[in-house]
Amino acid sequence: MNILIVGCGVMAHALFSSSQGGSPNLNFFCYDIIPDKAQQLASFLNGQSVTSLEGLSPHVIFIAVKPQDFRSMASSLIPLISPQVVIYSIMAGIKTDAIQAKLGPEKLKIIRLMPNTPCAVKEGTIIYYPSELVTQEDKANLTNLFKESGKVFPLDKEDQLDFITPISGSGPAYLVELANIFSSFLQSKGIPQELSEQISVQTIYGSGKWLSKSSFSFQKLKEQVASKQGVTGEVLTSLEQADMEKLWHEAFQKGLRRTFQLSEEFGPS
Ligand SMILES: NC(=O)c1ccc[n+]([C@@H]2O[C@H](COP(=O)([O-])OP(=O)(O)OC[C@H]3O[C@@H](n4cnc5c(N)ncnc54)[C@H](OP(=O)(O)O)[C@@H]3O)[C@@H](O)[C@H]2O)c1
């Protein structure tokens with residue numbers, strides 16, 4: 001299977017860094033307006049970096065450019081496209097009908113994916129929505145391609161992908177911010193920066209692993225840490241009084257609004 005990766009930035013590297021470079025059945029072609037980035041990814045995948053799309057015959061085209069770059073580059077993909085080619089897109093907010101409109105007129109097989117950066121350490125969350133013509137075999141190929149990069153979750157409604165984007169796509173950034181908040185507090189109490197950062201990272205890493213291995217409810221797990229009138233209870237009560245949940249929900253809602261704006265800006269018209 002020939003896989004053409006268009007846009008070899010952060011997310012393409014993260015997603016493909018655990019996938020099957022060197023597999024005899026997969027031929028990777030990497031293209032980026034910065035040839036060094038394409039070369040880097042190609043050498044990792046034992047593939048080829050290309051400086052032009054001309055003459056390529058991909059079975060899969062993986063679009064990993066920023067949404068705002070898609071409009072200008074979409075026309076260069078059209079000569080490579082046929083109804084057999086499967087288009088994978090990880091562009092946030094760009095709906096399948098908008099991709100179809102830019103790459104049509106023939107009805108295409110399009111899969112929208114929302115991966116996240118932990119794919120780089122084989123712990124990604126990879127959510128996908130397949131358009132109507134995508135076959136069981138296409139879905140199996142996708143799962144096979146990314147099964148080493150994390151957990152793969154199919155969706156049957158495209159809207160759900162937009163709701164999930166501010167949580168799983170963006171989520172790693174919030175946890176980095178949390179690590180930063182933990183660490184800055186420790187540093188404000190005189191604990192050296194390196195130790196503060198190590199403690200913050202290990203607390204988040206260990207808690208994630210503990211959470212993923214447990215069969216208890218979130219509430220029960222919280223209770224295992226927070227005894228009545230103890231330290232944790234004091235902190236949690238203070239956060240609850242500030243209505244932390246409402247604050248997060250409002251922030252996610254703003255993220256969603258941005259997703260919908262992107263959908264409108266890059267709509268089918
Ligand atoms: N980063 C994340 O955590 C994340 C998570 C989920 C989904 N996504 C989605 O993934 C996509 C890529 O994000 P990213 O963070 O990987 O961005 P990125 O690091 O900027 O990678 C995009 C790459 O595409 C290149 N490019 C721009 N125009 C091009 C063109 N016409 N032809 C070929 N290559 C071109 C960019 O070059 P320049 O740098 O010169 O522009 C850059 O190297 C976005 O659509 C985003 O919505 C990202």
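Is Pro166 buried or exposed, and how many other C-beta atoms lie within 10 Å? Pro166 is buried, with 20 other C-beta atoms within 10 Å. Buried here means 20 or more other C-beta atoms within 10 Å of the residue's own, exposed means 12 or fewer, and partly exposed is in between, with C-beta atoms placed from the backbone.

Some conventions before I go on. This is a predicted model, in which local features need pLDDT of at least 70 and side-chain atom pairs count only at pLDDT 80 or more, while totals for chains, interfaces and linings use all residues. Residues are numbered from 1 along each chain as its sequence is written.

Back to Pro166, which sits in helix 6, residues 158–169. Helices (H or I, at least four residues) and strands (E, at least two) are DSSP runs, numbered from the N terminus. Leaving out neighbours within four places in sequence, Pro166 is in contact with Phe252, Gly255, Leu256 and Thr259. Contact means that the C-beta atoms of two residues, placed from the backbone, lie within 7 Å. Between Pro166 and Lys254 there are 88 residues in sequence, and the C-alpha to C-alpha distance is 9.1 Å.

Next, the domains. The assignment gives domain 1 as 2–169 and domain 2 as 171–261; such bounds come from an automatic or database domain assignment. The C-alpha centres of the two domains are 32 Å apart. Domain 1 puts 11 residues into the contact and domain 2 puts in 6. On the side of domain 1 that touches domain 2, 5 residues are nonpolar, 5 polar and 1 charged. The classes are: Ala, Val, Leu, Ile, Met, Phe, Trp, Tyr, Cys and Pro nonpolar; Asp, Glu, Lys and Arg charged; the others, Gly among them, polar.

Now the ligand. It is surrounded by 26 residues, and the closest are Gly7, Gly9, Met11, Met73 and Ala92. A residue is counted if its C-beta atom, placed from the backbone, lies within 6 Å of the molecule. Helix 1 (10–16) and helix 3 (67–77) each supply at least two residues of this shell. By class, the shell has 17 nonpolar, 5 polar and 4 charged residues.

The largest nonpolar core has 56 residues, and those with the most contacts inside it are Ile5, Cys30, Phe62, Ile63 and Ile87. Helix 1 gives the most to this core, with 5 residues. A core is a set of buried Ala, Val, Leu, Ile, Met, Phe, Trp, Tyr and Cys residues joined through C-beta atoms within 7 Å. Residues up to four places away in sequence aside, Cys30 touches Ile5, Cys8, Ala38, Leu41, Ala42, Gly47, Ser49 and Val50.

Helix 4, residues 96–103, has Thr96, Ala98, Ile99 and Leu103 as its buried residues. They lie on the same side of helix 4, because they cover an arc of only 160° around the axis. That arc is taken over the directions from the helix axis to the C-beta atoms. The buried residues of helix 4 pack against helix 3, strand 5 (86–89), strand 6 (109–114) and helix 6.

Last, the backbone. Most residues other than glycine have a negative phi, and most peptide bonds are trans. The peptide bond from Gly104 to Pro105 is cis, with omega near 15°, and Pro105 lies in the loop between helix 4 and strand 6. Asn46 has a positive phi, near 55°, in the loop between helix 2 (35–44) and strand 3 (48–50). Asn46 is partly exposed, with 14 other C-beta atoms within 10 Å.
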